[in-house]
Amino acid sequence: MRILCLILLLLCPATAFAQTRAAVEGQFRTWLDQTVWPRASRQGVSRATFDTAFQGVTLNWDLPDLVPPGMAPPARQAQRQSEFGQPGKYFSRGSVDGATSVGRQMAGQYAQTLAAVERATGVPGRIILGIWGRESGYGRADIPHDVFQVLGTKGFMSNRAPYFTDELVAALQIAQAGAAPRAMRSSWAGALGQPQFMPSNYLAFAADGDGDGRADIWGSAPDTIASIGTYLARHGWVKGRDWGFEVTVPSTVSCALEGPDQARRIADWAALGVSRIGGKAFPATELRQPGSLLMPAGRNGPAFIVTPNFYVLKDYNTSDLYALFVGHVGDRIQYGVPDFAGRWGDVGGLLRSDVAALQRGLESRGLDVGGADGLAGFKTRRSIGRWQEAQGQPATCFPDASLVRALAR
């Protein structure tokens, strides 16, 4: 009898959890009908398209950052996006060399398309290749998810539900325009196809690169190339300017000077002692143009002077490491540049929730971190440096465990 009771006790939580999941699935179908369908209908989506898109779709409980109804977000949150994790891992030799070697093959195979898109948009082919390689391995990476399941799940129960609901409606508009719903494969975050466009970006920027009258970012390399170029051009890519240069920053120049809102002429940075790696001169065409200090790992990694085009790359993915990877791989593809001279320190392994607590501590001291989101962007990095300098400490401009202990709230 005692053994039987123990078995029942162990089984009850699982049974209750299954019942809870079933109830949440029912709430999900109600949410689709009462919240998503009216919005989609107002955007011209037919009931037939809507029903086809969600035929057989259930919640995907394996996706990250879910907050089921009635539950609070977890207090401790891991950093799940590699673009905001450890820089050294992000720039591993395998990822950089692989993107470069295959990128050179693609540069030859699609030379005419790349040249045509560069003429039309002003965006260099090497930059388009850098994005294509990073996003989907030039179309070779598996894109495993059903976009309607992903966006439905995250729109219904995630910590960014309104955003994902908007993207779900945009995905329905794409299906209404003729895309087969089951062919609309996405990442775990709902990004579509080879360029990994969120659905709203597909509606705004997807382009026909092969002249067949449609923008197929899942199966067409020319459409992918044209779409990436169109996106960057419409986000302000400045034709004729580079993205940036690796530099040496002397100790007399504070890492707290980082950020596009502290830009100055590149000639002025040079006058402060900031110099290009290897003794190269900055291009004469760049000297009178604005540039910004970028130190993505603070004093624990390579440093750069970047142009406004770098921040156009960040519009594609709001990560300094991402934009830097794209520019660097593009330069390796076209110019054969070596690895960065600076080495990445062993940094970036904190929990996202710990970084957010540190950011709240900086905010309480009157420093601007750009929001306590757990992502160590330039405003957080330079605010760390300013606080360190105010304490009479050497500025490192990057979060670490000791700073979390000193500042976390």
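A residue is called buried when its relative accessible area is under 20%, exposed when this value is over 50%, and partly exposed in between. The legends below apply these terms to close-up views of a predicted model.

**View 1. Strand β6 within its surroundings.** Strand β6 covers residues 290-294. Of its five residues, four are buried, so the rest of the structure largely encloses this strand. Strand β6 has an antiparallel partner in β4 (residues 264-265), to which two bridges join it. L294 has F304 of β7 as its bridge partner, and L293 has I305 of β7.

**View 2. The order of strands in the open sheet.** Five strands form an open sheet in the order β4-β6-β7-β3-β5, and their pairing is antiparallel. Which strands stand at the edges? These are β4 and β5 (275-276); each has a single partner strand, so one side of each is left without a neighbour in the sheet. As a general point, the strands of a sheet pair through backbone hydrogen bonds, in either a parallel or an antiparallel manner.

**View 3. Strand β7 and its side chains.** Strand β7 spans residues 303-306. Where do its residues point? A303 and I305 point one way from the strand, F304 and V306 point the other way, and all of them are buried. Strand β7 runs antiparallel to β3 (residues 244-248), and four bridges join the two. Two bridge pairs can be located in this view: G244 is partnered by V306 of β7, and E246 by F304 of β7.

**View 4. The packing of helices α7 and α8.** Helix α7 comprises residues 147-156 and helix α8 residues 161-176; their axes are 7 Å apart and the angle between them is about 150°. Why is this pair described as roughly antiparallel? Angles over 145 degrees count as roughly antiparallel, which means that α7 is roughly antiparallel to α8. The two helices form a left-handed crossing. On the α7 side, the contact is made by F148, L151, G152, K154 and G155.

**View 5. The crossing of helices α12 and α13.** Helix α12 (residues 308-316) and helix α13 (residues 320-335) have axes that come within 8 Å of each other and cross at roughly 115°. The crossing of α12 past α13 is right-handed. From α12, the residues in contact are F310, L313, K314 and Y316. Their counterparts in α13 are D320, Y322, A323, L324, V326 and G327. This contact contains seven nonpolar residues, one polar residue and two charged residues.

**View 6. Two residues with positive phi.** D65 is not a glycine, although its phi is positive, at about 60°. D65 is located in the loop between α2 (47-53) and α3 (87-90). Its relative accessibility is 30%, and D65 therefore counts as partly exposed. Y138, also a residue other than glycine, has a positive phi near 60°. Y138 belongs to the loop between α6 and β1. Is Y138 buried or exposed? Its relative accessibility is 6%, so Y138 counts as buried.

View 7. How far is A141 from S292 in sequence and in space? The two are 151 residues apart in sequence and 34 Å apart in space, taken from C-alpha to C-alpha.

Methods:
Residues are numbered from 1 along each chain as its sequence is written. This is a predicted model: local features need pLDDT of at least 70, side-chain atom pairs count only at pLDDT 80 or more; totals for chains, interfaces and linings use all residues. Side-chain values use heavy atoms; hydrogens and water are left out. Buried means under 20% relative accessible area, exposed over 50%, partly exposed in between (1.4 Å probe, protein chains only). Two strands pair if DSSP finds at least two bridges between them. Axes are lines fitted to C-alpha atoms, for helices over the stretch in contact, and angles run from 0 to 180 degrees between N-to-C directions. A crossing is left-handed if the near helix is turned anticlockwise from the far one by less than a right angle, and right-handed if clockwise. Contact means heavy atoms within 4.5 Å. Ala, Val, Leu, Ile, Met, Phe, Trp, Tyr, Cys and Pro count as nonpolar, Asp, Glu, Lys and Arg as charged, and the others, Gly among them, as polar. Angles under 35 degrees count as roughly parallel, over 145 as roughly antiparallel, 65 to 115 as roughly perpendicular and the rest as oblique.
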